[in-house]
There are 2 protein chains.
Amino acid sequence: MYVAIMGYGVVGSGVATLLKKNYEHIVKKSMQNELELKYILDRRTFPGDPYEHLLISDFTKIVEDDEVKIVVETMGGLHPAYEYVLACLKAGKSVVTSNKELVAVKGFELLQVADEYNVNFLFEASVGGGIPIIRPISQCLAANDIDEIAGILNGTTNFILTKMITDGMTFDEALLLAQKNGYAERDPSADVDGFDACRKICILAALCFGKHVYPDSVYTEGIRKIALADVDYARSWGGVIKLIARAKKLEDGRVSVMVSPAFVQNHSQLASVDDVFNAILVRGDAIGDVVFYGKGAGKMPTASAVVADVIDCAKHMERKKFFGWQDGEADYVASYLESTGSVYIRAIADDVAAAIAKATALFGEIKLLSRDGAPEGEFAFTTAPVSEKELSEKLEGWNGVSVESVIRITDY
Amino acid sequence: MYVAIMGYGVVGSGVATLLKKNYEHIVKKSMQNELELKYILDRRTFPGDPYEHLLISDFTKIVEDDEVKIVVETMGGLHPAYEYVLACLKAGKSVVTSNKELVAVKGFELLQVADEYNVNFLFEASVGGGIPIIRPISQCLAANDIDEIAGILNGTTNFILTKMITDGMTFDEALLLAQKNGYAERDPSADVDGFDACRKICILAALCFGKHVYPDSVYTEGIRKIALADVDYARSWGGVIKLIARAKKLEDGRVSVMVSPAFVQNHSQLASVDDVFNAILVRGDAIGDVVFYGKGAGKMPTASAVVADVIDCAKHMERKKFFGWQDGEADYVASYLESTGSVYIRAIADDVAAAIAKATALFGEIKLLSRDGAPEGEFAFTTAPVSEKELSEKLEGWNGVSVESVIRITDY
């Protein structure tokens with residue numbers, strides 16, 4: 001059975017390597033289907049590469065070759081990945097992708113086309129790198145009504161936050177180190193502003209709750225504004241700051257989806273997820289909390305998830321997977337202003353006593369936090385649960401105070 | 001499509017409840033196959049039970065009813081579960097079980113029969129309760145060469161150890177509390193002596209490495225001998241004591257499998273697994289370390305795993321799962337005496353200085369540990385890696401010393 005890879009970057013070359021390295025094992029797992037790489041599509045040339053003879057730059061060779069039954073898309077980005085994948089599905093080829101942007105934006109449409117042409121469209125590698133999550137949710141937890149899903153879905157921001165927490169680096173210093181280590185792009189916006197985590201939580205929300213959630217409907221906040229002062233206050237509160245992406249089913253059938261930094265208690269399974277690791281917590285009615293932990297990115301972990309999907313395709317060529325994923329609707333995602341929870345607030349005021357008195361009047365019961373070396377006039381506290389709408393109204397009415405930081409508190 | 005349940009205890013009644021509670025959701029996930037409960041086999045009577053009308057005491061009704069396509073076995077124990085399951089498979093019915101003893105002892109044979117009769121034999125619930133682990137290993141990590149698997153697989157012992165660590169209870173006190181809470185049987189041997197964990201690691205080892213590992217070939221040590229002194233020394237070392245079941249592939253194709261208490265470092269994902277929770281760590285060549293965490297036992301979590309398998313059967317009636325699980329061989333499991341690792345040793349001597357000097361001569365470099373309130377003559381240390389065989393020889397030659405405790409140290 002022939003396979004083609006589109007996009008010979010980090011993940012694509014990992015897929016080629018893995019298909020060769022664990023060949024016998026993979027053939028066995030594929031129920032004796034031999035998986036042979038026939039083409040690698042890339043505009044670039046790779047002189048001396050062991051697969052140089054397979055490299056092509058013309059996509060039509062793949063789509064027109066009836067021997068190619070499985071196509072791996074590891075190009076990234078929306079275009080031309082979307083057009084290529086669509087053409088492959090319509091040509092009766094199963095497609096495996098690691099491209100979260102493609103799945104988050106076009107997942108519903110591509111799954112429909114796959115259904116229509118009786119082929120598979122699989123995307124385990126699009127969330128959590130090599131961590132098994134898509135299949136466990138859609139199969140292993142199938143008997144559960146899932147209420148909520150939350151996770152640390154971006155390794156770059158988790159690396160930066162870990163360095164701030166454990167080594168006392170500032171955000172800028174930690175970002176620079178992440179860039180040096182190859183964990184962050186020169187333009188780090190997709191990671192540090194939360195867009196990458198947003199795409200992933202959209203995919204997970206669609207799987208868990210059955211309807212497409214489009215990234216542009218999700219409130220997304222990154223970690224640029226996190227200061228070491230906040231890290232210290234989180235420690236005195238008994239936890240750490242993590243970038244948490246979460247989706248929750250509401251009683252009226254809508255969903256609440258959000259990406260933001262959040263306080264996580266030390267005893268949480270998410271608190272000890274450090275460096276570039278990812279973890280995903282799923283809360284089901286029968287199972288309770290389940291957590292999946294592992295490397296959320298990187299060449300071989302991600303390639304491992306891609307090849308697992310390729311093996312699944314080889315075993316079930318004629319079958320379409322049933323994800324129960326319908327299109328999204330206007331108003332399906334509730335405004336973030338409706339969501340409710342406790343928050344942490346750090347502020348500066350000339351008259352701290354008066355500011356705290358006013359905070360108590362505004363928020364009801366508050367709990368003051370302390371840290372060593374706090375400058376004159378700084379104070380911080382946590383509130384009882386408050387809706388986002390009320391929160392912003394209260395903060396507007398809090399005069400004579402400079403609010404430096406507002407961070408949500410999770411109950412995971 | 002009709003389903004029968006054999007064994008209406010905790011898990012069996014959970015399966016009946018869940019099939020009803022999430023009926024619509026489950027039918028959707030089963031690709032519109034309606035799953036209807038037809039029989040519940042139990043020798044006992046359940047007056048007033050909502051499923052009283054389905055209760056039967058005659059097994060032949062199930063095996064002779066061609067409408068019953070899926071049989072759930074939640075009886076536990078080897079007999080008559082084994083005979084019943086065998087008869088059902090041979091009658092062309094798919095079987096789903098939560099019975100770890102059955103799978104650990106008869107798994108290879110039953111999978112062979114299932115293959116022969118072109119039906120499914122699934123057992124996700126037999127390890128880790130509701131935690132998805134069987135399917136992720138056999139499918140999601142299929143592209144990996146798995147090197148090692150280790151886990152906290154028994155909730156009862158983990159509850160007891162957690163109470164010893166966090167509340168300073170003795171083993172006996174914690175066991176009593178576990179019994180009061182319904183976490184431990186009146187005869188707690190299967191749990192506290194490690195046999196339950198042993199069966200589960202045998203199943204995982206078979207899945208990961210492809211050959212049946214029989215429980216009686218596995219060195220198994222429970223937690224009865226763990227003292228609070230050991231808990232304190234583990235803390236001063238920077239970790240906690242957990243009952244760890246582990247299986248590792250050796251270079252010569254054999255496997256090393258062992259169940260024993262072990263020191264786990266605080267930063268390990270396994271260290272923060274408390275109370276009755278379970279966690280399983282899988283180490284693959286491409287993926288690195290992946291950890292699965294959740295409730296390892298209990299009515300609804302376990303039922304959730306059973307029903308997920310039932311859904312899988314409903315979707316693929318004609319297909320047999322391919323686990324690549326062959327029979328075990330003599331000498332496939334290496335003697336535990338061959339395994340190597342650092343250990344923690346606690347001892348008492350009249351002449352501590354001389355005993356430590358002798359320990360240094362025997363073990364090479366050792367690291368002394370301390371604890372508050374240690375009695376006169378007590379001391380404890382950790383060693384460099386040493387084989388189990390050498391270890392027992394060295395301990396025999398260590399005169400004038402009473403060795404109170406020897407606990408292995410993990411690198412997870």
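**Figure 1. Helix H10 of chain A in a predicted model.** At 1.5 Å a residue, the 15 residues of helix H10 (residues 195–209) of chain A should span 21 Å, and the end C-alpha atoms of this helix are 21 Å apart, which agrees; the expected span is 1.5 Å times one less than the number of residues. Helices (H or I, at least four residues) and strands (E, at least two) are DSSP runs, numbered from the N terminus. Of the 15 residues of H10(A), 14 are buried, so the helix is largely enclosed by the rest of the structure; a residue is buried if 20 or more other C-beta atoms lie within 10 Å of its own, exposed if 12 or fewer, and partly exposed in between, with C-beta atoms placed from the backbone. Just after H10(A), Gly210(A) takes a positive phi of about 90°.

Two notes apply to every view. Residues are numbered from 1 along each chain as its sequence is written, while chains are lettered from A and ligands numbered from 1 in the order in which they are written. Because the model is predicted, local features need pLDDT of at least 70 and side-chain atom pairs count only at pLDDT 80 or more, whereas totals for chains, interfaces and linings use all residues.

**Figure 2. Strand E4 of chain A and its partner strands.** In strand E4 (residues 68–73) of chain A, six of six residues are buried. Strand E1 (residues 2–6) of chain A pairs with E4(A) in the parallel sense over five bridges, and two strands count as paired if DSSP finds at least two bridges between them. Val3(A) has Ile70(A) as its bridge partner in E4(A). E4(A) is also joined by four bridges to strand E5 (residues 94–97) of chain A, and these two run parallel, with Glu73(A) opposite Thr97(A) in E5(A).

**Figure 3. The contact between chain A and chain B.** Here 44 residues of chain A are in contact with 44 residues of chain B, where contact requires C-beta atoms, placed from the backbone, to lie within 7 Å. Helix H2 (23–29), helix H6 (134–140), strand E12 (288–295) and helix H12 (299–315) of chain A each give two or more residues to the side of chain A that touches chain B. Three bridges join E12(A) to strand E12 (residues 288–295) of chain B, and the two strands run antiparallel; Val291(A) has Tyr293(B) as its bridge partner in E12(B).

Figure 4. Asp275(B) is partly exposed, with 14 other C-beta atoms within 10 Å.

Definitions and conventions: Two residues are in contact if their C-beta atoms, placed from the backbone, lie within 7 Å.
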